[in-house]
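Hi,

Here is the structure I promised to pass on. Have a look at it first, and then read my notes below.

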Amino acid sequence: MPKALPLMIQGTSSDAGKSVIATAFCRIFAQDGYRTAPFKSQNMALNSYVTLDGKEIGRAQGVQAEAAGVLATADMNPILIKPTRDFESQIVVNGEPYGNMRAMAYRTDFYDEGLRIIEESYARLSADYDRIVIEGAGSPAEVNLNDRELVNMRVARLTNAPVILVADIERGGVFASLVGTLQLLEPEDRERVIGVIINRFRGDVTLLQPGLDWFEQYTGKPVLGVVPFIPDLWIDAEDSLILYNYQSQRASLHSGSHDTAGQPNTRRDIDIAVLRYPRISNFTDVDPFFVEPDCSLRFVTRLEELGEPDLIVLPGSKNTLEDLQFLRESGLAQRILELHRAGRTYIVGLCGGYQMLGESIRDPEGVESPLRELAGLGLIPMVTTMERRKTTVLSRGVACFAQEQIELEGYEIHMGQSDYADSDAPFIRLADRTDGYCSQERQLIGTYFHGLFHNDVFRTLLLNAIRRKKGLAPLTDRPSFVALREQGYDLLAETVRRHVKLDVIEEQMRQYAKKEVRTK
């Protein structure tokens with residue numbers, strides 16, 4: 001049986017643009033008629049994605065599958081690492097929880113099993129697809145880790161994939177990072193690199209040309225393309241490891257979102273504060289607010305940053321009890337209660353944030369934390385108990401909001417189960433159960449539904465309810481975030497087609513298919 005042709009995208013660092021470039025190739029190959037799958041052997045991320053059969057994978061691979069027009073499967077990201085505490089993570093294998101492991105134990109005890117899992121997943125994909133776009137992690141030049149790494153050059157050798165090295169020119173020192181990375185690679189791995197892509201370029205490329213010429217002469221590696229910065233590209237971010245610059249990046253993408261000095265314009269009708277606790281997860285839930293013309297969104301860590309926003313979002317958490325403790329110790333919890341009593345601020349809790357709004361959270365078996373129980377904010381009459389069994393499911397239901405019945409779609413990823421003292425105020429009615437809580441005045445909402453704000457009708461009703469409360473006229477012409485994201489895939493593919501030497505890459509992929517596979 002013919003096997004898929006692979007192409008691997010590696011980077012000089014984290015957040016170099018590997019995920020976006022891999023997404024572009026998924027779309028391009030699909031547009032060219034190839035059945036294409038993404039693959040990332042090992043992903044460390046707190047933004048995750050639920051497959052149709054209820055498996056959990058990294059969000060980037062779910063997005064790449066969408067770009068390729070195929071259903072995501074656990075084989076596309078067989079190992080997912082979700083940090084829970086310093087030096088400890090939950091390991092998800094083939095879409096299901098495997099257990100919590102310390103970093104050193106994972107490196108020393110899990111390596112052989114991890115390699116076997118990766119080989120099996122890739123073999124299944126290779127038998128079912130024409131093309132596989134493989135994404136690395138971090139940098140292949142991490143010399144302290146390379147003897148037991150499971151995601152960069154070892155995977156390239158295992159799959160016999162040619163490698164493209166991506167660097168982000170916005171960081172500065174792009175040629176130093178590319179040359180340094182190449183020089184630190186083993187000779188056989190350096191030979192596997194077929195060329196480089198410089199990402200996120202702004203300005204006149206002719207000014208960069210002398211550097212490109214020097215690089216090719218010095219390294220013997222071709223520059224396969226210089227991809228410009230792409231505004232209005234609404235593709236989900238990989239994980240919270242890059243959250244430090246996430247807000248400014250997203251704000252800069254929104255056309256018309258700058259003042260006369262070129263700075264992000266935060267003076268808008270609706271002020272949205274997202275609580276950024278230490279173990280925040282699935283923060284892409286709030287992405288749709290960045291494209292709204294009347295919304296200013298900011299991430300809040302300290303009490304003095306909160307102010308009096310129109311909407312507070314408590315996002316998901318990978319360690320709900322310790323993040324709840326953070327809210328209490330920082331003073332944010334008390335301030336949220338004060339704003340709720342004043343009645344001027346809407347509050348929405350998602351997943352872990354929803355659990356925090358209840359009366360208490362219990363973790364008797366230490367599933368997430370050594371903390372066994374903490375009092376919640378007490379705004380929702382429920383008690384949550386952490387369990388080892390993890391709920392991962394795509395969900396659909398109907399919510400009543402602003403006197404309308406709204407069909408909602410989302411996904412659930414949580415360890416805890418919530419029991420209500422008063423179940424007369426569910427937020428969403430599903431076919432076989434209810435979910436969440438919605439107060440009578442509709443200003444307090446909690447739900448396990450990730451992706452809530454991606455539902456355009458609900459987001460419109462919520463924002464217009466806030467506008468009415470402030471004495472502002474509602475907006476009727478709001479953007480469809482789902483449509484913007486789909487357009488983004490095409491925009492990304494079109495941009496890469498224009499600026500990258502696809503014919504050279506295609507030829508190299510076919511040449512590598514003739515070479516003998518070396519796995520060690």
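Let's start with what counts as an aromatic pair: the rings of Phe, Tyr and Trp (for Trp, the six-membered ring) are paired if their centres lie within 6.5 Å. Phe-289, Phe-401, Phe-427, Phe-453 and Phe-458 form one aromatic cluster. Keep in mind that this is a predicted model.

By that rule, the count comes to 13 aromatic pairs. Take Phe-175 and Phe-215: their ring centres are 6.4 Å apart and their planes are at 35 degrees, so this pair is tilted. Phe-175 belongs to helix H6 (residues 174–184) and Phe-215 to helix H8 (residues 209–219), so the pair links distant parts of the chain, 40 residues apart.

Another pair is Tyr-354 with Tyr-448, and it is edge-to-face, with 5.0 Å from centre to centre and 80 degrees between the planes. Tyr-354 is in helix H13 (residues 352–356), while Tyr-448 is in the loop between strand E26 (444–447) and helix H14 (456–469), so the pair ties together parts that are 94 residues apart in sequence. Tyr-354 and Tyr-448 are buried too.

Next, click on Leu-314, which lies in strand E16 (residues 311–314). Why does Leu-314 count as buried? Its relative accessibility is 0%, and buried means under 20%. Leaving out residues up to four places away in sequence, Leu-314 touches Leu-275, Tyr-277, Leu-327, Ile-347, Val-348, Gly-349, Leu-350, Gly-353, Met-356 and Leu-357. As for Phe-283, which is 31 residues from Leu-314 along the chain, the C-alpha atoms of the two are separated by 9.7 Å.

Now for the surface. Leu-52, Leu-71 and Leu-394 make a nonpolar patch of about 330 Å² there. Leu-71 sits in the loop between helix H2 (59–68) and strand E6 (79–85). With 59% relative accessibility, Leu-71 counts as exposed, because the cut-off for exposed is over 50%.

Cheers

Definitions and conventions: Residues numbered from 1 in each chain as written. Predicted model: local features only at pLDDT ≥ 70, side-chain atom pairs only at ≥ 80, totals over all residues. Heavy atoms only, no water. Phe/Tyr/Trp six-rings, centres within 6.5 Å; stacked < 30°, edge-to-face > 60°. Helix = DSSP H or I, 4+ residues; strand = E, 2+ residues; numbered from the N terminus. Buried < 20%, exposed > 50% of the residue type's maximum accessible area, 1.4 Å probe, protein only. Contact = heavy atoms within 4.5 Å. Patch = residues over 30% accessible without salt bridge, like charges linked within 9 Å, V, L, I, M, F, W, Y side chains within 5 Å. Areas by Shrake-Rupley, 256 points an atom, 1.4 Å probe, with all protein chains shown as cover. Salt bridge = Lys/Arg side-chain N within 4 Å of Asp/Glu carboxyl O.
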